[in-house]
Amino acid sequence: MYSERFPARTEVVRIRSLDYHVRRWGALQSDAPPLVLVHGWMDVGASYQFMVDALSEAFVQGRSIIAPDWRGFGLTKPPVPTDHYAFADYLADLDQLLDHYAGERPVDLVGHSMGGNIAMMYAGVRATRVRRLVNLEGFGLPASQPESAVRRYGEWMDEIRQLERGEMALKSYEGLNGVARRLMKTNPRLSQDKAEWLAQHWAAPDASGRWAILGDAAHKVKSAQLYRVDEVQALYAAIAAPTLAVEASGDSLGQWWQGRYTLAQYHERLKAVANCRTAVIEEAGHMLHHDQPEALAKLVEAFLSD
């Protein structure tokens, strides 16, 4: 199994009536900006372990690095009761996590996928709190049309009923090997040793002894609100931090949306960010921090140290 170069410490912080589970590396106190790593949908903070291990020892030991489990993921339990999640809650959670770990100091913020979208939005809303920003494959969504709201609200209500009937329950597995195989099926680039290590943080045994994914099924209920590109562009325009948008060579965006939303459109949206540059990680898919942690760590460390 994979062996950590920099083992994480874990702690629980009370944030907005939730016990937030947080992984920490590096110095407990440092003059350097804290580095905050936020994960994507159906993922956990431990997902960043491989990238952290690939950072230089001087970088890791010279600053405080934290990676929380978002609400309803990993070991941060969901609000009870809940049958859906609102995107704005992630922004408020992050805001108070930074209160706790950084106080008034600006942070370096890295987000992957859903976490990348949250990081970009947050950096627009709280521009003075982010010193440098790295977005890993946080592309956003295709543009929506107002008339789609009629269908969207209906789908949202229907999906809540499906959740209540148990039709959205997440699959469980007989053991850790089953979880590891699932991770490798989703990402064929993920090596066996990393899959086995990640499986023990991505799932846990349930009351029946089967291994259940540490993610609340209510996350599968889509947002009731449409994705509004004009609002997102306004948030992007408010970002003051130098920004690095990193994408994988595998073009996951093209695979997901089949022409409905393209990399060219994403790059056009990024023009709203005053100081933004892009980079590509070769031989990587959407989980680029798993596929090429060394290349990504080198890129991120150079950007944050520039």
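These legends describe close-up views of a predicted model.

**View 1. An open sheet of eight strands with mixed pairing.** The strand order is S1-S2-S4-S3-S5-S6-S10-S11. S1 and strand S11 (276–281) are the edge strands, and each pairs on one side only. From one strand to the next, the twist averages 25°. Within this sheet, S2 and S4 run antiparallel and are joined by five bridges. Arg23 stands opposite Ala67 of S4. As background, the strands of a sheet pair through backbone hydrogen bonds, in either a parallel or an antiparallel sense.

**View 2. The open sheet of three strands, S7-S9-S8.** Pairing here is antiparallel. Strand S7 (172–173) and S8 stand at the edges. Each has a single partner strand, so one side of each is left without a neighbour in the sheet. Three bridges link S8 and S9 in the antiparallel sense. Ala204 has Ala212 of S9 as its bridge partner. Helix H7 (residues 192–202) lies across S8 and S9. The direction of H7 is at about 65° to S8.

**View 3. The second largest pocket, beside strands S8 and S9 of its lining.** This pocket holds about 160 Å³ of space. Its lining has 14 residues. Gly74, Lys77, Ile213, Leu214 and Gly215 lie nearest the centre of the pocket. Strand S8 (203–205) supplies at least two residues of the lining, and strand S9 (211–213) likewise supplies at least two. By class, the lining divides into seven nonpolar, four polar and three charged residues.

**View 4. The largest cavity and the residues that line it.** The count comes to one cavity of 30 Å³ or more. About 30 Å³ of space lies in the largest cavity. Arg24, Pro34, Val36, Ser64, Ile66 and Tyr101 form the lining. Four of these lining residues are nonpolar, one is polar and one is charged.

**View 5. The crossing of helices H8 and H10.** The axes of helix H8 (residues 229–237) and helix H10 (residues 263–270) come within 9 Å. They cross at roughly 50°. H8 and H10 are therefore oblique to each other. From H8, the contact is made by Val229, Gln233 and Tyr236. From H10, the contact is made by Glu268, Arg269 and Leu270. By class, the residues of this contact are three nonpolar, one polar and two charged.

**View 6. The cis peptide bond between Val80 and Pro81.** Omega at this bond is about -10°. Pro81 is placed in the loop between strand S4 (64–68) and helix H3 (87–102). For context, most peptide bonds are trans.

**View 7. Ser17, a residue other than glycine with a positive phi.** Phi of Ser17 is near 70°. Ser17 sits in the loop between strand S1 (9–15) and strand S2 (18–26). For context, most residues other than glycine have a negative phi.

Technical notes. Residues numbered from 1 in each chain as written. Predicted model: local features only at pLDDT ≥ 70, side-chain atom pairs only at ≥ 80, totals over all residues. Heavy atoms only, no water. Axes fitted to C-alpha atoms, helices over the stretch in contact; angles between N-to-C directions. Helix = DSSP H or I, 4+ residues; strand = E, 2+ residues; numbered from the N terminus. Parallel < 35°, antiparallel > 145°, perpendicular 65-115°, else oblique. Contact = heavy atoms within 4.5 Å. Nonpolar A, V, L, I, M, F, W, Y, C, P; charged D, E, K, R; others polar. 1 Å grid on protein atoms, 1.4 Å probe; cavity = no way out; pocket = protein on both sides within 12 Å on 5 of 7 lines; lining within 4 Å. Points joined across faces, edges and corners; volume = space filled by probe spheres on them. Pairing = 2+ DSSP bridges.
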